[in-house]
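Let's take a friendly walk through this model, starting with a pair of helices and ending with the chain as a whole.

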Amino acid sequence: MAILAPTSVSKDPLFLRTSSNSSSLDLQRISLNPPRILGSKLKSGKIEQTQLRLLTASNNCSDLTAKASRKPLGLTEELKNNKLESIVETDDGSGLFEDMKRRFLSFKKHKYMENLEHYQNLSKGQAPKFMVISCADSRVCPSTILGFQPGEAFIVRNIANLVPSFESGPSETNAALEFSVNALEVENILVVGHSCCGGIRALMSMDDEVEKSSFIQNWVVVGRDARLWTKAAASKLSFDQQCKHCEKESINRSLLNLLTYPWIEEKVKNGILSVHGGYYDFVDCTFEKWTLDYKEDNLKEKHGRISVKNHLFWS
């Protein structure tokens, strides 16, 4: 068993001690190089560059944004035979959709038709082992990162991969939880956070009072407790480091929020369902995974500590 202690920030912003005799999840992996799509327009024979600056969470993340902004916007880039090929988007976007069509037909030929029996079985129903809650960020697709194949994971994505508490009322996230846990009877819930998260940076940047007109603020306020613990535990760190701390702390708060749903807690308590956290750092391509060690007396947090087990680091 391990203890997560957000108040210890000397090395890692969250993890203090972990068990060494852990076994990793047996996840099938695939190697994909998805095309990167950047937006622009062709105007008067020239590429008109436009920029949408997103919040970045560290110097490394800032570097990534700067590099991306220097590229001509409006190109779809793909690695083919070790050569980078680009497709220029036309005014009506037909170049992008032609590329999308080609990728779909490639999927149909090389994936669907070659595994026809599997896909026909999926047309009759699904029985995924995982329910995954991840961020909507275009850089962190869980199927690409963790190699989930069709039928293996029921996935919902939202800003900052947050899980609202049961008392918060209806949302698309808890609707997905209800369906996956009660109807599909998944065996694992995995909440996946990531580096350079703009949603977490928005949470850390907002004032105490939420702007009623802001959809983003009214959503990320779900992570208010993670923000408060981060401000208390990492107050001497830079703002970028605080954001990274909060990226992980918010995952654990979401794990605890999962247990506010009676039908989730009951299954976790009976050993039918396991709740896991994951953190993908796409700056250096590493992944951390841990499992909530459920004990009823640990549900009421003491000094921000929760028990975990099977804490793994993949690099």
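Helix α5 (residues 172–183) and helix α10 (residues 262–269) pack with their axes 10 Å apart, at an angle of about 40 degrees. Here helices are DSSP runs of H or I with at least four residues, strands are E runs of at least two, and both are numbered from the N terminus. Axes are lines fitted to C-alpha atoms over the stretch in contact, with angles from 0 to 180 degrees between N-to-C directions.

On the α5 side, the contact (heavy atoms within 4.5 Å) is made by Asn 174, Leu 177, Glu 178, Val 181 and Asn 182. Trp 263, Ile 264 and Lys 267 contribute from α10.

This is a predicted model: local features need pLDDT of at least 70, side-chain atom pairs count only at pLDDT 80 or more, and totals for chains, interfaces and linings use all residues. Residues are numbered from 1 along each chain as its sequence is written, and side-chain values use heavy atoms, leaving out hydrogens and water.

Now for the interior. A nonpolar core is a set of buried Ala, Val, Leu, Ile, Met, Phe, Trp, Tyr and Cys residues joined through side-chain atoms within 4.5 Å, where buried means under 20% relative accessible area with a 1.4 Å probe, protein chains only. The largest such core has 29 residues, and Val 132, Leu 146, Ile 200 and Phe 287 touch the most other members. A second, separate core of 28 residues includes Ile 189 and Trp 290.

Overall, the chain comes to 10 helices and 13 strands, and 43% of its 315 residues are buried.

How values were computed
Buried < 20%, exposed > 50% of the residue type's maximum accessible area, 1.4 Å probe, protein only.
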